[in-house]
Amino acid sequence: KRVKYMDYSKGASFQYISKLIDRWLLSVYKRMRKIDREAIIQKQKKKCKCEERVVFYESTEIRNNSDRIPAITIGRDTHICGELFAYGKDGKIEIGQECYVGKNTYIWSSKHIFIGNRVLIGHNCNIFDNDTHPKNKEERNRQYKYIISFGQPKSIDLNEKEIVIEDDVWIAANCTVIKGCKIGRGSIIGTGTIVTDDIPANSIVYGDSSKIYRNRGGSCEDGL
């Protein structure tokens with residue numbers, strides 16, 4: 001029997017061209033996505049006042065609903081991966097130079113949150129200078145309905161108290177800082193800590209913020 005040989009040259013050429021087209025489409029998609037990402041980041045930066053070399057990411061969210069202008073200021077060489085939200089009548093957030101705010105971290109202010117220089121804030125942290133909702137159930141329900149219809153109300157009592165985080169503080173992941181707290185210069189807040197009291201300078205705290213487990217005295221380099 002005569003053996004029939006198939007000519008695969010056309011099929012091979014088609015596969016080669018198909019791969020080239022796929023690669024070209026992928027490169028176009030990546031370029032378009034980069035352009036979209038840069039446009040989104042520039043739009044976010046317009047909502048606050050930034051010094052030079054401030055870096056935003058895809059996860060960055062800047063929300064400015066405050067009457068203050070500017071309500072959010074960020075110092076040079078600071079990287080923001082989380083959300084900054086200034087709202088109400090007096091919401092204000094000040095972040096210093098060479099700071100880092102991790103992904104899924106929420107910093108919400110309806111009064112004033114001050115963060116100094118070289119402060120590192122890990123992922124999944126919450127820093128609120130207010131109760132976020134009224135304690136009275138009727139007022140809380142009215143606020144909820146207003147938020148889903150119009151956004152955060154400007155005039156509402158949320159029992160606001162200023163938060164101060166001084167220079168060179170490190171707040172590890174999954175921490176919460178409650179309204180009215182001051183964290184002293186150079187302190188380390190361990191993973192999962194809920195800060196409900198003032199923390200003296202150069203302290204190491206984890207778990208319960210009322211328990212200062214170590215004071216570094218400004219010279220100790222030990223970790224947690």
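Is Val 195 buried or exposed? Val 195 is buried, with a relative accessible area of 0%. Here are some notes on the rest of this predicted model, in points you can follow on the structure.

1. **Overall make-up.** The protein chain has 20 strands and two helices. Of its 224 residues, 35% count as buried. The accessible surface comes to about 13800 Å², and carbon and sulfur atoms hold 52% of that area. Among contacts with a separation of 6 or more, 26% are between residues 24 or more positions apart.

2. **The open sheet.** Six strands line up in the order S3-S6-S9-S12-S15-S18 to form an open sheet with parallel pairing. Strand S3 (61-64) and strand S18 (194-195) stand at the edges with a single partner strand each, so one side of each has no neighbour in the sheet. Further in, strand S6 (residues 83-86) and strand S9 (residues 106-109) run parallel and are joined by four bridges.

3. **Back to Val 195.** This residue lies in strand S18.

4. **Aromatic pairs.** The whole structure contains six aromatic pairs. One of them joins Phe 85 and Trp 108 edge-to-face, 5.4 Å centre to centre and with 90° between the planes. Phe 85 belongs to strand S6 and Trp 108 to strand S9, so this pair ties together parts that are 23 residues apart in sequence. The two residues also stand opposite each other, Trp 108 being in S9. Phe 85 is buried, at a relative accessible area of 3%. Both belong to one aromatic cluster, made of Phe 85, Tyr 87, Tyr 106, Trp 108 and Phe 128.

5. **A pair within helix H2.** The ring centres of Tyr 146 and Phe 150 are 5.1 Å apart and the planes stand at 50°, so the pair is tilted. Tyr 146 and Phe 150 are four residues apart in helix H2 (residues 137-150), which separates them by about one helical turn. Tyr 146 counts as partly exposed at 37% relative accessibility, whereas Phe 150 counts as exposed at 65%.

6. **Salt bridges around Arg 76.** Side chains of opposite charge can pair when their charged atoms come close. The structure holds ten salt bridges, and a network of them links Arg 53, Arg 76, Asp 77 and Glu 98. Arg 76 bridges to Asp 77, with the closest N and O atoms 2.9 Å apart, and also to Glu 98, where the closest N and O atoms are 3.4 Å apart. Arg 76 sits in the loop between strands S4 (72-74) and S5 (79-80) and Glu 98 in the loop between strands S7 (93-95) and S8 (100-101), so their pair ties together parts 22 residues apart in sequence. Relative accessibility is 24% for Arg 76, which counts as partly exposed, and Glu 98 counts as partly exposed too, at 39%.

7. **A link across the chain.** Lys 179 and Asp 131 meet through their side chains in a salt bridge of 2.6 Å, N to O. This pair links distant parts of the chain, 48 residues apart: Lys 179 is in the loop between strand S15 (176-177) and strand S16 (182-183), and Asp 131 is in the loop between strand S12 (126-128) and H2. Lys 179 counts as buried at 16% relative accessibility, while Asp 131 counts as partly exposed at 23%.

8. **A nonpolar surface patch.** Ile 17, Ile 21, Trp 24 and Leu 25 make a nonpolar patch of about 420 Å². Ile 17 is placed in helix H1 (residues 9-45) and counts as partly exposed, at 46% relative accessibility.

Definitions and conventions: Residues are numbered from 1 along each chain as its sequence is written. This is a predicted model: local features need pLDDT of at least 70, side-chain atom pairs count only at pLDDT 80 or more; totals for chains, interfaces and linings use all residues. Side-chain values use heavy atoms; hydrogens and water are left out. Two strands pair if DSSP finds at least two bridges between them. Buried means under 20% relative accessible area, exposed over 50%, partly exposed in between (1.4 Å probe, protein chains only). Contact means heavy atoms within 4.5 Å. Accessible areas come from the Shrake-Rupley method with a 1.4 Å probe; for residues, only the protein chains shown count as cover. Patches are made of residues with over 30% relative accessible area and no salt bridge: like charges are joined within 9 Å, nonpolar side chains (Val, Leu, Ile, Met, Phe, Trp, Tyr) within 5 Å. A salt bridge is a side-chain nitrogen of Lys or Arg within 4 Å of a carboxyl oxygen of Asp or Glu. Rings of Phe, Tyr and Trp (its six-membered ring) pair if their centres lie within 6.5 Å; planes under 30 degrees apart count as stacked, over 60 as edge-to-face and the rest as tilted.
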